[in-house]
Amino acid sequence: MCCDVKRRFLLLYATQKGQAKAIAEEICQQAGAHGLEADMHCMSEMDKYNLETEKDPVVIVISTTGTGDPPDTARKFVKKIQDTTLPPDHFAHLQYGLLGLGDSEYTFFCNGGKTVDRRLQELGAQHFYDTGLADDCVGLELVVDPWIDGLWLALKEAFLLQKEKEGMSSDVDAVSSSLSAAPHVVHELNLSSEVQNLKLEDGGVRNSDVLTQKLVDISLVASAGDTEPSLVHSVPPVSQSALNIPALPPEYIEVQFQDTHGENPHLSSLISEGTTFEVPVTKAVQLTSEDAVKTALLLELDITDTAFDYQPGDAFCVICPNNVSEVEELLQILGLSEKGDYFICVKVKQGTKKKGATHPQHIPERSTLKFILTWCLELRAIPKKAFLRALVECTSDAGEKRRLQELCSRQGASDYTRFIRESNVCLLDLLHAFPSCKPSLNLLIEHLPKLQARSYSVSSSNSYQPGKLCFVFNIVEFPACPTRAVARKGVCTGWLAELVAPLLHPNKNIPDTKGGNPSTEKVCIFARLNNTFHLPGDPSVPFMMVGPGTGISPFIGFLQHRQKLREEHTDWEFGETWLFFGCRHQHRDYLFKQLKCFLENGTLTHLKVCFSRDSSTAEVAPPKYVQDAIRLYAKEVARVLLKERGYFYVCGDKKHMADGVSDAVVDIISMEMKVDKLEAMKILATLREAKRYLQDVWS
């Protein structure tokens, strides 16, 4: 390009957990190799860009959170563009390409991106590149990688069109030649099977952030018995392929060890989503028997002396730490066991090649190493390919190095999905599997995402139990497997179970690791309000609830609240209430047998319970699952939902339950209204839009 001037494009990202930002950073990094410069900003930094006057192409990477909401960092932007007074040609000058991130396990897939995309179109903006929608359920990279590959040609054409419009044809050739000089896959490292004697090629893109490694092509010979691939071993064709791997991300974090004097920051400083409250756990009950498949616990928190408030149907978040033994294990592998209590200062590395490098917001300016590993970094995060690429450089064994290269390469995409993503492999699993890999501390801070607070549905009513907040959860179990040497419990559920063990088993001699009174154990929480999953405003409106397993949690709050209203307002008219509950065994995991009390006092009109694993001697087999029970009451479902304009609530597992329930409702609508399935699906969609068919589901 003339005088080495790179063409600029605006790159905006909106992220909740860091994925959209990481992808934007990848685009930013690759841009230089294509003769372009990305002006990258978080969407929330609205003082640093102005779409009203933007002349260059805009690239947007945006995730989705909650029930189809845009991430927190996009809320102000979305609110601004949704101003109904804006004219339809407000963004007529704007050219953009959008990449949405989502999870098809949830109903409103990629809705954050779709919302922005739709509104920009309504305001006259034009696509210079087709919208991409990446699915975290099957692997974001399946859409993200080819979308980024095609972006450069689309930008080239957008710039050419822009120059033609401006009548500046003299620059067109320069733009074209510069962009074509960077090959379509120049951002990748073209590797053959050899992993030793790496040499950097001097030509081509030396001044960019990308280097091409040229290696001697040999094959690593597998032993005769290794016919199946695994986390640590590959088979042909991957083991014999030349590899295209991502560019090495530039380091940008510097860690300085200090002394052991001082105090760690309060947990509230780690949270930007709202006010935090430290509250005591006053009660813990195991709801399942010892021989149940899953262990479900109910915890009661005392919020009497706080300003925390909630409605039935709301959710809240628990700030949880990483497992203590995993933190100690990681310190040992890093060779930093003696430094855990030392304070460290984290800074942006001077002279880093990473564009727009900033201090990670989730890392305190000064805290102990152990505090950062315990409260700030998601040690259980599934490593992204960029992280694997960085780990290659920290690995000394040739075979291990090659395998890590394969796992982050295009050729090894299916192996990555099978042995990393689907196996829920985390950093510790990798370090055990590849013992010659010795990453630096700064590398972990650069690549491990923020430790997220865990969200739970409220299982109580503040009017029924003033000053109390209850919630229910299963202790998540990850059994040992070929990619995970030891069994693990969920980060938060495992920690909570250990925390309340003295309350659950008061007569057992459980070691007190904190030296405190077990009745004073506290957790740090903050509100995550659900603006839609609430009881109908009119108590005379009927509603149906579907909640197998711990999915029943919010409905206990619903029923408590309804019972209190009935006690206080005896003259009110109350609509009928239905609850479809399911579990495996009647005598092992029937979580709330007191549901019969709600039935007896009239709070609950109909209770239908299914036991999927219990055998039956009845002539007609009872329904096994809640979706089967719903079909048995098709006429009642149609009456409540369609004729009486009632509400329908679903809570629990999406893939194995919520989808089955929505299929059953579609079939009921089709049958009772005598319409085809497509029309029935449209009717259900209108019920969703009217907020009368509501879901609170998880994958």
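**Entry 1: a proline loop**

I began with Pro-237, which sits in the loop between strand S7 (189-191) and strand S8 (243-245). For the element names I rely on DSSP runs numbered from the N terminus: helices are H or I with at least four residues, strands are E with at least two. The peptide bond from Pro-236 to Pro-237 is cis, and its omega is near 5°. For context, most peptide bonds are trans, and most residues other than glycine have a negative phi.

Asn-424 has a positive phi of about 55° although it is not a glycine. I found Asn-424 in the loop between helix H10 (413-421) and helix H11 (427-433).

**Entry 2: what kind of model this is**

A note to myself on ground rules: this is a predicted model, local features need pLDDT of at least 70, side-chain atom pairs count only at pLDDT 80 or more, and totals for chains, interfaces and linings use all residues. Residues are numbered from 1 along each chain as its sequence is written, and side-chain values use heavy atoms, with hydrogens and water left out.

Next I checked pLDDT, the predictor's confidence in each residue, from 0 to 100. The protein chain has a mean pLDDT of 87, and 88% of its residues reach 70 or more. Where does pLDDT stay under 50? I see this over residues 180-225, for which the model has 93 contacts (heavy atoms within 4.5 Å) beyond four places in sequence.

**Entry 3: the five-stranded sheet**

I then traced an open sheet of five strands, in the order S22-S21-S20-S23-S24, with parallel pairing. Two strands pair here if DSSP finds at least two bridges between them. Strand S22 (606-611) and strand S24 (693-698) are the edges, each pairing on one side only. On average, neighbouring strands of this sheet are turned by 10° against each other, direction ignored.

How many bridges join S23 to S24? I count six between strand S23 (residues 647-653) and S24, which run parallel. Asp-653 stands opposite Trp-698 in S24.

Helix H15 (residues 553-568) packs on it and touches strand S20 (543-546), strand S21 (577-583) and S23; the direction of H15 makes about 145° with that of S20. H19 lies across S20, S23 and S24 and runs at about 155° to S23. For these angles, axes are lines fitted to C-alpha atoms, for helices over the stretch in contact, and values run from 0 to 180 degrees between N-to-C directions.

**Entry 4: H18 against H19**

Staying with H19, I looked for a helix partner. Helix H18 (residues 634-643) and helix H19 (residues 654-673) pack at an angle of about 90°, with their axes 9 Å apart. H18 and H19 are therefore roughly perpendicular to each other, a label for 65 to 115 degrees (under 35 is roughly parallel, over 145 roughly antiparallel, the rest oblique).

Which residues of H18 and H19 make the contact? From H18 I list Ala-634, Lys-635, Val-637, Ala-638, Leu-641 and Leu-642, and from H19 Val-665, Ile-668, Ile-669, Met-671, Glu-672 and Met-673. They divide into ten nonpolar, no polar and two charged. In this scheme Ala, Val, Leu, Ile, Met, Phe, Trp, Tyr, Cys and Pro are nonpolar, Asp, Glu, Lys and Arg charged, and the others, Gly among them, polar.

**Entry 5: the three-stranded sheet**

Another open sheet has three strands in the order S9-S13-S14, with antiparallel pairing. Its edge strands are strand S9 (253-257) and strand S14 (366-368). The twist averages 35° from one strand to the next. Strand S13 (residues 343-348) and S14 share three bridges, and the bridge partner of Ile-344 in S14 is Ser-367. Helix H7 (residues 369-376) packs on this sheet, touching S9, S13 and S14, and its direction makes about 90° with that of S14.

**Entry 6: S19 and its partners**

Strand S10 (residues 276-286) pairs with strand S19 (residues 522-528) in the antiparallel sense over five bridges; Glu-278 has Cys-524 as its bridge partner in S19. Strand S12 (residues 315-319) is also joined to S19 by five bridges, running antiparallel, and here Cys-317 stands opposite Phe-526.
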